[in-house]
Amino acid sequence: MRFVLLATALMVAAPALAQKAKAPAAPHPGAEVYQNVCQACHMANALGGEGAGKIPALAKNGALEASSYPIMVVTGGKGAMPWFRGQLTDQQIADVINYVRSHFGNRYKDKVTPAMVAEQGVPAPKGGFREQ
Amino acid sequence: MNGGMAGTGRAPTRREVLRAIGLMAGTAVLYQAMEVLGHAKETQFAGPPNLSGARPGTKVIVLGAGLAGMLAAYELSKAGYDVQIIEYNNRPGGRNWSLYGGDTYTELGGATQKVGFAEGNYLNPGPWRIPYHHRALLHYCKAFGVKLEPFMQMNQQALLHSSKAFGGKPMRYRELHADWDGNVAELLSKAIDNRGLDSALTREDADRLRMALREWGALDQDFKYSKSYRSSRRRGFDRPQGGGVLGEPIPSEPHAFKDILDSGIWRVVAQHMSIDHQHTMFQPVGGMGMIGRGFARQVEGKIRFNQKVTSISQQGGKVTVTHTDTGTGVTGTTEADYCVCTIPLGILSQMDLDVSPGLDAAIRAIPYSNSVKVGLEFKRRFWEEDEAIYGGISFTDREISMISYPSGGLHSAGPAVVLGAYTFGPASYKFAGMTPEERIQRALEQGSVFHPGRYKEEFIGGATVAWSRVPFTLGCCAQWNEDTRKEHYQTLVAVDDRLVLAGEHASYVGCWMEGAILSSLDAITRLHKRALEA
């Protein structure tokens with residue numbers, strides 16, 4: 001292999017090593033959404049990254065305490081981050097917010113529901129996602 | 001044709017009229033006139049700006065050494081300004097970029113690739129083709145000595161793969177295209193026979209259309225798209241024409257129309273018809289990054305590399321930019337009278353900016369798209385040697401969306417690099433979330449559907465760039481929509497006190513190098529005017 005992976009900062013978030021002995025728990029419904037979407041920027045370990053600009057870490061993130069904030073950002077976008085209203089269902093948005101708020105060192109107990117996303121979320125833009 | 005009536009003298013030629021208009025009224029009017037007379041097409045480029053007469057000692061700081069920034073620096077220097085460029089990367093070009101053997105690239109998150117391509121091989125992570133009507137970019141390529149060669153966009157010998165048709169077996173674009181046209185022609189001609197178009201066409205025009213359909217669709221004498229010499233001249237023969245005893249060709253059987261419909265071939269046909277993909281297309285000899293290098297030669301000594309900008313102030317009748325050296329960590333400031341800022345909006349929105357509330361809101365309002373590219377190097381050009389595919393693109397409904405064969409170095413021996421993935425939509429996020437190694441493996445797996453027995457077997461190594469993890473952009477390009485255009489575009493491009501933005505994001509040719517060039521020329525023309533009026 002002439003392609004060499006010199007270094008990675010990847011540390012797969014290890015969910016509950018303590019549960020090892022028990023039967024494997026069903027994966028969190030938000031985990032798949034996180035891996036297929038969020039991880040593209042926020043990284044598998046949710047630590048984000050920094051270059052000329054910064055991708056914020058979601059791990060141990062105090063801004064996630066009020067669930068209305070992640071609902072607003074995921075549905076409405078922020079800076080370079082596109083809005084995902086219309087790309088993801090309200091259920092998927094609720095699932096992934098719940099996943100992040102209960103993993104990566106976050107321990108928020110309250111749950112986000114699709115109804116909350118529908119009510120508090122930023123509506124999908126009228127002008128569509130992008131120009132045709 | 002000219003009537004040549006006696007006594008009226010020779011009418012002025014079109015060129016003479018254009019010259020006269022140009023002399024009287026400047027290039028804008030000349031451009032409009034050219035447009036009316038059908039000369040200029042698809043671009044707003046009326047020639048390089050002729051800026052001059054800058055007040056001596058006036059300083060301009062340019063943020064970003066991409067095409068927009070370097071061109072601004074080049075033209076403003078010519079006009080007499082004292083120009084300095086501040087750049088985050090350790091190289092010029094920005095998104096105009098090629099990865100060559102020996103290059104090292106570290107994406108956000110820390111994954112580092114050392115590219116192992118053979119000499120002369122490359123991956124263009126960003127732009128990779130130039131439409132013939134991107135006249136501004138073409139002008140500067142010529143002016144700056146960047147050699148171009150044809151880029152093969154459409155190749156009838158390339159393949160189309162659909163999981164929904166032909167049992168997942170890739171088919172030749174040529175066969176599917178011919179069968180699509182042939183079947184549509186036959187159906188339409190049937191509709192005419194059944195008087196189905198009587199309300200739309202006169203009998204005479206319907207007859208003409210019927211004859212046209214026969215020729216266009218390669219129909220036989222009975223207006224059927226059938227297994228024939230005629231249709232095989234398009235879709236290819238089962239046994240091609242040869243010499244001697246077995247010289248006679250054997251026609252091929254067209255596919256069933258249902259399969260053609262299932263294949264989605266019309267999407268590829270339509271894509272090739274877009275003005276952005278019509279022939280002729282170009283690429284620089286030796287990789288897209290040659291354009292960035294060519295531009296950099298024009299502003300040599302003016303670029304400070306490895307500088308991360310953290311704030312822009314316009315206090316006290318000047319521009320003050322704070323930037324940190326990414327190598328030494330030393331923070332300093334640079335002052336200037338004016339600033340051309342080409343920093344992508346997603347990054348700019350994170351800085352401490354001293355701009356009007358309207359511009360600030362505009363900068364924060366525009367998200368960036370995402371895409372992933374993967375370059376795969378193979379031991380030899382088996383697609384050329386074994387399948388006679390010289391350049392062009394094979395399309396698939398898998399996540400990689402396409403593979404593109406190299407347009408350069410055609411018919412040569414030795415290793416070559418195929419663009420093994422160019423993702424869109426959800427697939428871009430999925431791919432970007434993988435490690436570089438995983439992306440390369442997935443691209444190899446998915447692309448092998450086109451060339452089983454060769455693709456994985458003759459693979460040497462790969463390189464990949466996921467744009468959401470690119471440290472200097474945080475995405476591909478600005479993603480405007482109708483609403484954000486209406487609300488923010490004019491504010492975004494307006495001169496804001498002593499600062500003006502430039503780049504593809506400040507254009508309607510979004511995501512193309514041409515947009516960056518046209519935006520830059522327009523921005524500096526207005527900034528120059530502002531400086532002279534001050």
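Colleague: Into which domains is chain B divided?
Modeller: In this predicted model, chain B has domain 1 (1-40), domain 2 (59-93 + 301-366 + 480-533), domain 3 (99-157 + 279-287 + 369-469) and domain 4 (173-263).

Colleague: What separates the centres of domain 2 and domain 4 of chain B?
Modeller: Taken over C-alpha atoms, the two centres are 55 Å apart.

Colleague: Turning to the strands, in what order do the 5 strands of the open sheet in chain B run?
Modeller: The order is 12-2-1-16-23, and the pairing is parallel. At the edges are strand 12 (303-304) and strand 23 (499-501) of chain B, each of which pairs on one side only.

Colleague: How many bridges join strand 16 and strand 23 of chain B?
Modeller: There are 3 bridges between strand 16 (residues 338-341) and strand 23 of chain B, in the parallel sense. Within strand 23, Leu501(B) is the bridge partner of Cys341(B).

Colleague: Which helix packs on the sheet there?
Modeller: Helix 16 (residues 513-533) of chain B does, touching strand 16 and strand 23 of chain B. The direction of helix 16 makes about 170 degrees with that of strand 16.

Colleague: And the largest nonpolar core: which residues touch the most other members?
Modeller: They are Met70(B), Ala72(B), Cys339(B), Val340(B) and Ile517(B), out of 161 residues in that core. Helix 16 of chain B gives the most to this core, with 9 residues.

Colleague: What does Ile517(B) touch?
Modeller: Leaving out residues up to four places away in sequence, Ile517(B) touches Leu67(B), Ala68(B), Leu71(B), Ala136(B), Leu137(B) and Tyr140(B).

Methods. Residues are numbered from 1 along each chain as its sequence is written. Chains are lettered from A and ligands numbered from 1 in the order in which they are written. This is a predicted model: local features need pLDDT of at least 70, side-chain atom pairs count only at pLDDT 80 or more; totals for chains, interfaces and linings use all residues. Two strands pair if DSSP finds at least two bridges between them. Helices (H or I, at least four residues) and strands (E, at least two) are DSSP runs, numbered from the N terminus. Two residues are in contact if their C-beta atoms, placed from the backbone, lie within 7 Å. Axes are lines fitted to C-alpha atoms, for helices over the stretch in contact, and angles run from 0 to 180 degrees between N-to-C directions. Domain bounds come from an automatic or database domain assignment. A nonpolar core is a set of buried Ala, Val, Leu, Ile, Met, Phe, Trp, Tyr and Cys residues joined through C-beta atoms within 7 Å. A residue is buried if 20 or more other C-beta atoms lie within 10 Å of its own, exposed if 12 or fewer, and partly exposed in between; C-beta atoms are placed from the backbone.
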